[in-house]
Amino acid sequence: MIANTVGFIGGGRIARIILGGWKRAGFLPAEVVVSETNAEALEKLTAQFPTVRSTPDASWPLGQMECIFVALHPPVLLDALKPLVGHLRNDAVVVSLAPKVTVARLTEALGGFARIARAIPNAPSLVGAGFNPVSFGPKLDETGREQVLRLLRPLGACPVVPEEHLEAFAVLTAMGPTYFWFQFQQLREVGRSFGIAPAELDAALAAMVVGAAQTFFGSGLSAQDVMDLVPVKPMHDAEEAIRIAFKSRLSEIYQKLKV
Ligand SMILES: NC(=O)c1ccc[n+]([C@@H]2O[C@H](COP(=O)([O-])OP(=O)(O)OC[C@H]3O[C@@H](n4cnc5c(N)ncnc54)[C@H](OP(=O)(O)O)[C@@H]3O)[C@@H](O)[C@H]2O)c1
């Protein structure tokens with residue numbers, strides 16, 4: 001059974017990404033209820049998805065949804081679950097989208113409710129090209145697991161991974177697009193200054209980026225040999241600073257998520 005009724009606690013960016021991905025795939029569940037405390041975020045979400053119902057109360061009707069996504073940042077997440085205690089239907093599945101907060105802590109915050117999954121989605125889910133690794137709590141049965149996967153599949157890949165790897169994916173695949181998007185935009189701006197028409201330029205850059213990834217990850221050549229394929233590197237002198245930023249900043253945020 002595909003969940004027809006879905007709730008979100010937190011209606012910010014990732015809720016909009018997931019709803020957008022479902023909408024694009026023609027998969028928007030029949031009933032979506034969102035609890036969002038920020039008026040501006042709620043307005044943005046409901047303007048984009050007018051069929052979504054908002055509720056100021058996280059216990060009802062949210063607790064009656066078949067699947068509830070917890071789309072909150074770790075510091076506020078556990079407190080926000082309190083209103084759900086005792087209000088969840090027996091066959092509901094709670095899916096946390098946050099790093100750091102484990103299934104064990106979620107179960108405890110939910111008063112022992114253990115039909116829990118965790119997923120770390122990424123923004124390309126908006127266009128059905130997401131990479132959304134998921135982990136299941138030990139007490140979630142096959143039906144519940146399949147329920148979660150059916151909701152994630154229209155958004156892209158959803159491999160089942162060990163829970164202890166989710167923070168690594170948060171740093172690599174969830175935050176990952178941000179390491180590249182500003183560079184895409186910079187290339188676009190430079191390209192425009194060269195006089196290439198916007199549509200032609202975007203198509204060219206998208207093809208280059210996809211092709212570069214396929215060559216790096218799929219050609220069978222070593223990383224060194226791939227990088228040696230193009231001898232002219234006009235930005236070579238800036239590379240070291242970027243390498244250092246990758247190493248230090250990403251390790252730092254990973255350590256914070258693992259504490
Ligand atoms: N964005 C992504 O690409 C992405 C990818 C993977 C995982 N995630 C995870 O998803 C979670 C949410 O991220 P996000 O990017 O969607 O953040 P976001 O855009 O800040 O959305 C979270 C929203 O929840 C609201 N909120 C705070 N406390 C609440 C409560 N008690 N009840 C209901 N709403 C509440 C926030 O309002 P205020 O702003 O007023 O606090 C905010 O509008 C995080 O754990 C993040 O790590 C995000």
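Visitor: What share of the contacts in the chain with a separation of 6 or more comes from residues 24 or more positions apart?

Guide: A contact means heavy atoms within 4.5 Å, and in this chain residues 24 or more positions apart account for 63% of the contacts with a separation of 6 or more. This is a predicted model, in which local features need pLDDT of at least 70 and side-chain atom pairs count only at pLDDT 80 or more, while totals for chains, interfaces and linings use all residues. Residues are numbered from 1 along each chain as its sequence is written, and side-chain values use heavy atoms, with hydrogens and water left out.

Visitor: How many helices and strands does the chain have, and which domains does the domain assignment give?

Guide: Helices (H or I, at least four residues) and strands (E, at least two) are DSSP runs numbered from the N terminus, and the chain has 10 helices and nine strands. Domain bounds come from an automatic or database domain assignment, which here gives domain 1 (5-161) and domain 2 (178-258). The centres of the two domains, taken over C-alpha atoms, are separated by 32 Å, and the C-alpha trace of the chain spans about 65 × 40 × 30 Å along its principal axes.

Visitor: What percentage of the 259 residues in the chain do buried residues make up?

Guide: Buried means under 20% relative accessible area, exposed over 50%, and partly exposed in between, with a 1.4 Å probe and protein chains only; by that reading, buried residues make up 41% of the 259 residues. Accessible areas come from the Shrake-Rupley method with a 1.4 Å probe, and for residues only the protein chains shown count as cover. The accessible surface of the chain comes to about 14400 Å², of which 61% belongs to carbon and sulfur atoms.

Visitor: How many salt bridges does a search of the whole structure find, and which residue does Arg118 pair with?

Guide: A salt bridge is a side-chain nitrogen of Lys or Arg within 4 Å of a carboxyl oxygen of Asp or Glu, and the search of the whole structure finds 12. One of them joins Arg118 to Glu167, with the closest N and O atoms 2.8 Å apart. This pair links distant parts of the chain, since Arg118 is in strand β6 (residues 116-119) and Glu167 is in helix α6 (residues 166-174), 49 residues apart. Both Arg118 and Glu167 are buried, and they belong to a network of salt bridges that links Arg118, Glu163, Glu167 and Lys258.

Visitor: Which elements do the buried residues of α6 pack against?

Guide: In α6 the buried residues include Leu166, Glu167, Phe169, Ala170, Val171 and Thr173. The buried residues of α6 pack against β6, β7 (130-131), β8 (134-136), α7 and α10 (236-258).

Visitor: Where do Glu146 and Arg150 lie, and which helices hold Asp202 and Arg188?

Guide: Glu146 and Arg150 both lie in helix α5 (residues 142-152), four residues apart, about one turn of the helix, and their side chains meet in a salt bridge of 3.1 Å, N to O. Glu146 is partly exposed at a relative accessible area of 25%, and Arg150 is partly exposed at 30%. The side chains of Asp202 and Arg188 meet in a salt bridge of 2.8 Å, N to O. Asp202 lies in helix α8 (residues 198-218) and Arg188 in helix α7 (residues 176-193), so the pair ties together parts that are 14 residues apart in sequence. Asp202 counts as partly exposed at 29%, as does Arg188 at 27%.

Visitor: Is Ser96 buried or exposed, and which residues does Ser96 touch?

Guide: Ser96, found in strand β5 (residues 93-96), is buried, with a relative accessible area of 0%. Not counting residues up to four places away in sequence, Ser96 touches Val70, Leu77, Leu106, Ala117, Arg118 and Ala119.

Visitor: What is the phi of Lys100?

Guide: Most residues other than glycine have a negative phi. Lys100 has a positive phi of about 80 degrees although it is not a glycine; Lys100 is placed in the loop between β5 and α4 (103-109) and is partly exposed at 27% relative accessibility.

Visitor: Which residues around the ligand come nearest?

Guide: A residue is near a molecule or strand if one of its heavy atoms lies within 4 Å of it, and of the 21 residues around the ligand, Arg13, Ile14, Glu36, Leu72 and His73 come nearest. A polar side-chain atom of Arg13 lies 2.7 Å from an oxygen atom of the ligand, and a backbone N or O atom of Leu72 lies 2.7 Å from an oxygen atom of the ligand. Taken alone the ligand exposes 890 Å², of which the protein buries 75%.

Conventions: Polar contact = N/O pair within 3.5 Å; in protein donor to acceptor, adjacent residues only side chain to side chain.
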